[in-house]
Amino acid sequence: MGVQRIDNIGIMVGDLDAAVAFFDAIGLELEGRGFVEGRVVDDCIDVDDTRCEIAMMRVPGESTGIELSRFERPAAHPAQPAAPPVNTLGLHRAMFAVDDIEETLRRLEAVGGGLLRSIVDYEGVYRLCYVRAPEGFVVALAQQLASED
């Protein structure tokens, strides 16, 4: 038996509307939004009396997505520090291939995202950058410039 696919990457957020707007600015689409709670959820995630609102964001035409979760109860634990450096153990990062890195960055800055340092050219093949979301998590953007051949 082997892995079949990645269904989603989960990110815990405090402001679900802002997180949806952030991923919308990258180009993902909101697939659905709703609440989960009950014994099955509690047992799966090892947290009692859970009520969590989830928004599923998908890349258009793809099956893999980002699952954004906001805990109504119990209260979420804030990250320490709020904006951890990218070399923090256990820190998650997702990379998105985009058509135009500058335009995507402008849209992200309009909803509170911030470029970590700079957009870099990687061997004439990719333009890359890291962006911190208002919630403190990091995403990477990649714009392919040339074939890797």
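## The second largest pocket

In this predicted model, the lining of the second largest pocket splits into seven nonpolar residues, three polar ones and one charged. The pocket holds a volume of about 170 Å³.

Who sits around it? The lining is made up of Ile-9, Leu-28, Val-59, Glu-62, Ser-63, Thr-64, Gly-65, Ile-66, Ala-94, Met-95 and Phe-96. E5 has the largest share, with three residues.

## The largest pocket

Now for the largest pocket, with about 920 Å³ of space. It has 36 lining residues, and Ile-11, Met-12, Val-13, His-77 and Ala-79 are the closest to its centre. By type, the lining comes out as 24 nonpolar, nine polar and three charged residues.

At least two lining residues each come from strand E1 (8-12), helix H2 (39-45), strand E3 (51-58), strand E4 (65-73), strand E5 (93-97) and strand E9 (138-144). E1 gives the largest share, at four residues.

## A nonpolar patch on the surface

Out on the surface, Val-86, Met-95, Leu-116 and Tyr-130 make up a nonpolar patch, and together they have about 330 Å² of accessible area. Met-95 also turns up in the lining of the second largest pocket.

Tyr-130, another patch member, belongs to strand E8, which runs over residues 126-132. Why is Tyr-130 classed as partly exposed? Its relative accessibility is 31%, and that label covers the range between the 20% limit for buried and the 50% limit for exposed.

Key
Residues are numbered from 1 along each chain as its sequence is written. This is a predicted model: local features need pLDDT of at least 70, side-chain atom pairs count only at pLDDT 80 or more; totals for chains, interfaces and linings use all residues. Side-chain values use heavy atoms; hydrogens and water are left out. Patches are made of residues with over 30% relative accessible area and no salt bridge: like charges are joined within 9 Å, nonpolar side chains (Val, Leu, Ile, Met, Phe, Trp, Tyr) within 5 Å. Accessible areas come from the Shrake-Rupley method with a 1.4 Å probe; for residues, only the protein chains shown count as cover. A salt bridge is a side-chain nitrogen of Lys or Arg within 4 Å of a carboxyl oxygen of Asp or Glu. Buried means under 20% relative accessible area, exposed over 50%, partly exposed in between (1.4 Å probe, protein chains only). On a 1 Å grid over the protein atoms alone, a cavity is a set of points where a 1.4 Å probe fits but cannot get out, and a pocket is an open set with protein on both sides within 12 Å along at least five of seven lines; lining residues have an atom within 4 Å of a point. Grid points are joined across faces, edges and corners, and a volume is the space filled by probe spheres set on the points. Ala, Val, Leu, Ile, Met, Phe, Trp, Tyr, Cys and Pro count as nonpolar, Asp, Glu, Lys and Arg as charged, and the others, Gly among them, as polar.
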